[in-house]
Amino acid sequence: MTAHLSDSDRQALRLAHDLREEMRLALPPHGAAIPAVSPFVDPAGRPSVLMRMDADTARALMALLGERRAEQAAAPPEPRRADGSHVPPPATAVAGAPMASAPMAGAAHSPLLPTTFPAR
């Protein structure tokens, strides 16, 4: 059915579907209607969506966004590097697990790979 659609059309359909589902999960179950979300490809060829909602749904969405903004303002800011990238939290010690040696602590974030494999 979607074989004749362009990649942008397919992406817009998926975007509209995903946004509709997220709105359904995020908004209160009673009182607010699920917004109408339609796929749209803008004149530049970018996948987009168009949304339509009634006043009650708009108020519920604004309340939800206001709550999230208040939660973020109350939470301490995430640590960031000079380039703006996220700094992962420090590893916590697990009982019985060996701790990383001091030279590795400052190493670049790369996965630890085993140097030997168990015999079968």
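Q: What does contact mean here?
A: Contact means heavy atoms within 4.5 Å.

Q: What kind of model is this, and how are residues numbered?
A: This is a predicted model, in which local features need pLDDT of at least 70, side-chain atom pairs count only at pLDDT 80 or more, and totals for chains, interfaces and linings use all residues. Residues are numbered from 1 along each chain as its sequence is written, and side-chain values use heavy atoms, with hydrogens and water left out.

Q: Which residues does serine 48 touch?
A: Not counting residues up to four places away in sequence, serine 48 touches Ala12, Leu15, Ser38, Pro39, Phe40 and Asp42.

Q: Is serine 48 buried or exposed?
A: Serine 48 is buried, because its relative accessible area is 17% (buried means under 20%, exposed over 50%, partly exposed in between, with a 1.4 Å probe and protein chains only).

Q: Where is serine 48 found?
A: Serine 48 belongs to strand β2, residues 47–52; helices (H or I, at least four residues) and strands (E, at least two) are DSSP runs, numbered from the N terminus.

Q: What pattern does the chain follow?
A: Along the sequence the pattern is α-β-β-α-α, with three helices and two strands.

Q: And methionine 51, what does it contact?
A: Methionine 51, also found in strand β2, is in contact with Leu19, Met23, Pro35, Ala36 and Val37, leaving aside neighbours within four places in sequence. Methionine 51 is partly exposed, with a relative accessible area of 36%.

Q: How many residues of the chain count as buried?
A: Of the 120 residues, 12% count as buried.
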